[in-house]
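Visitor: I would like to go through this model with you, one question at a time. Could you give the cut-offs as we meet each term?

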Amino acid sequence: ELVKKYSEFINFPIYIWASKEVDVEVPADEDEPSDEEETSDSSSSEEGEDEDAEKSEDDDAEKKSKTKKVKETTYKWELLNDVKAIWLRSPKEVTDEEYTKFYHSLAKDFSDEKPLAWSHFTAEGDVEFKAVLFVPPKAPQDLYESYYNTNKANLKLYVRRVFISEEFDELLPKYLSFLKGLVDSDTLPLNVSREMLQAHSSLKTIKKKLIRKALDMIRKIAEEDPDESSGKDEKEVETSGDDDEKKGQYTKFWNEFGKSIKLGIIEDATNRNRLAKLLRFESTKSDGKLTSLDQYISRMKSGQKDIFYITGTSKEQLEKSPFLERLKKKNYEVIFFTDPVDEYLMQYLMDYEGKQFQNVSKEGLKIGKEKNKELKESFKELTKWWKNALASDNVDEVKISNRLDNTPCVVVTSKYGWSANMERIMQSQTLSDSSKQAYMRGKRILEINPRHPIIKELRERVAKDSEDEGVKQTAQLIYQTALMESGFNLPEPKDFASRIYSSVKSSLNISPDATIEDDDDVEETETESETKDSAVKDEL
């Protein structure tokens, strides 16, 4: 067991003087009959004496040629390290089958699936080492369950083919802990403790090179996938399309390990731009397929400066969001981010290739050149009145919107505060503190659609009588509806429900003073008791 664990890939052969029990046939002793003879004697005694007399001569002949099996201990030398170290060979000499076989033995993966990709390389310079990295076909079930609490790496460290440890977190960052493989260095010292080895300066150099090679390996999966070649020349698509095996491989990788790439963008500032190239998502123009940031930029409209995105719980919900109405109408592409980690991701990924990211549910959205000075003046009285009417709801501002088409109004947040989706995520945290969350909540801004008939009619009503209680109630109801449609949780659902019921009463021409009929509980109780008494009498 020790040799298999620590010296499996040593260059010279290691043998063990092993004992083994084998069955050997030896002549049976005439004085001591074997078990088979005893069995035949007992069965023959049950038969008649006549049969024994007839077969006596045959039995004597068989006894002379009979043998018995006995266990004998033999000793011989057994070779223990028969698995070849493929990383010592040139990558051109190793076949795909050998890589797959080596992966299964290394990862203890007994399935028939091939790894999604592998990288076999030799690093030279101040630190010399050889390494083989594999991308597993499936993610472990507990990959993200205790992501920050466990120190589990899947890379084995060898020094001159001697196994040192598989618990070196310094070799790869946490977000690449799903990779499997090994590193064999001739530079690292062999005769020191593991604690001293962990502090060795060479490990930083090895880690840097491993990260670069790992990201190149993942990028290569995308480059060789025909489904990822939509932006390439037709010739390239034809050559890559010949290999059906690689079709859909990057989508498979993304579904299994996409969250790790996002966590890498959050944690690894040095390689953030490289990792951003590996990002995949759906958008308003991706037709249900995954697309990249490079493909998004290639489809951007002339004059578009920002990359538009929106966060939420599902793609279906976001497609119907009022924040997309004007953008869709003007043929702008919007990215859908539906994973909870995306909210944290976009706090770190501020720009890509010189383009800024813009959340379309926050303030600061610019769509072309908008000329709305006259509109602002004509709605100035309404916006000022509405802001005062919503003073108790902490609405910072009411202004004309440039993002709406069919919806009367929406509620947006400040640029650097939480979005509605982030607010909902933080509220659902187990150990959340509502008092501290108040500091991070973005300012709420009510944006109104000046072309909508409801807003126009409200302006007329306010101009006639700004103190009308009915108009104030309507304005409050419109705001609460917009708050809910924009993805926020209503602070007082009961208040919202009562306003809806009042509106329903009005539409049905029911008087606001109409009362609910009282139900006489006493009579009902008496009737029930009478029924029970009569039932008892009938039984008697």
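Visitor: Which residue meets Arg 219 in a salt bridge?

Guide: This is a predicted model, in which local features need pLDDT of at least 70 and side-chain atom pairs count only at pLDDT 80 or more, while totals for chains, interfaces and linings use all residues. Residues are numbered from 1 along each chain as its sequence is written, and side-chain values use heavy atoms, with hydrogens and water left out. A salt bridge is taken as a side-chain nitrogen of Lys or Arg within 4 Å of a carboxyl oxygen of Asp or Glu. At 3.3 Å, N to O, the side chain that meets Arg 219 in this way is that of Asp 216.

Visitor: What separates Arg 219 and Asp 216 along helix 6?

Guide: Helices (H or I, at least four residues) and strands (E, at least two) are DSSP runs, numbered from the N terminus. Helix 6 covers residues 202-224, and because Arg 219 and Asp 216 are 3 residues apart in it, their separation is about one helical turn.

Visitor: How many residues apart in sequence are the parts tied together by Asp 342 and Lys 262?

Guide: Asp 342 forms a salt bridge with Lys 262, with the closest N and O atoms 2.9 Å apart. Asp 342 belongs to helix 13 (residues 340-348) and Lys 262 to helix 8 (residues 249-267), so the parts that this pair ties together are apart in sequence by 80 residues.

Visitor: Are Asp 342 and Lys 262 buried or exposed?

Guide: Buried means under 20% relative accessible area, exposed over 50%, and partly exposed in between, with a 1.4 Å probe and protein chains only. By that criterion, Asp 342 and Lys 262 are both buried.

Visitor: Why is strand 4 largely enclosed by the rest of the structure?

Guide: Strand 4 pairs with strand 3 (residues 117-123) in the antiparallel sense over 7 bridges, and two strands count as paired if DSSP finds at least two bridges between them. Strand 4 also pairs with strand 7 (residues 180-185), again in the antiparallel sense, over 6 bridges. Strand 4 (residues 129-135) is largely enclosed because, of its 7 residues, those that are buried number 6.

Visitor: Which strand supplies the largest share of the nonpolar patch?

Guide: Patches are made of residues with over 30% relative accessible area and no salt bridge, where like charges are joined within 9 Å and nonpolar side chains (Val, Leu, Ile, Met, Phe, Trp, Tyr) within 5 Å. Accessible areas come from the Shrake-Rupley method with a 1.4 Å probe, and for residues only the protein chains shown count as cover. The nonpolar surface patch, about 620 Å², is made by Tyr 15, Trp 17, Tyr 75, Trp 77 and Leu 79. Strand 1 (15-27) and strand 2 (67-79) each supply at least two of its residues, but the largest share, 3 residues, comes from strand 2.

Visitor: Is Trp 77 buried or exposed?

Guide: Trp 77 lies in strand 2. With a relative accessibility of 55%, Trp 77 counts as exposed.
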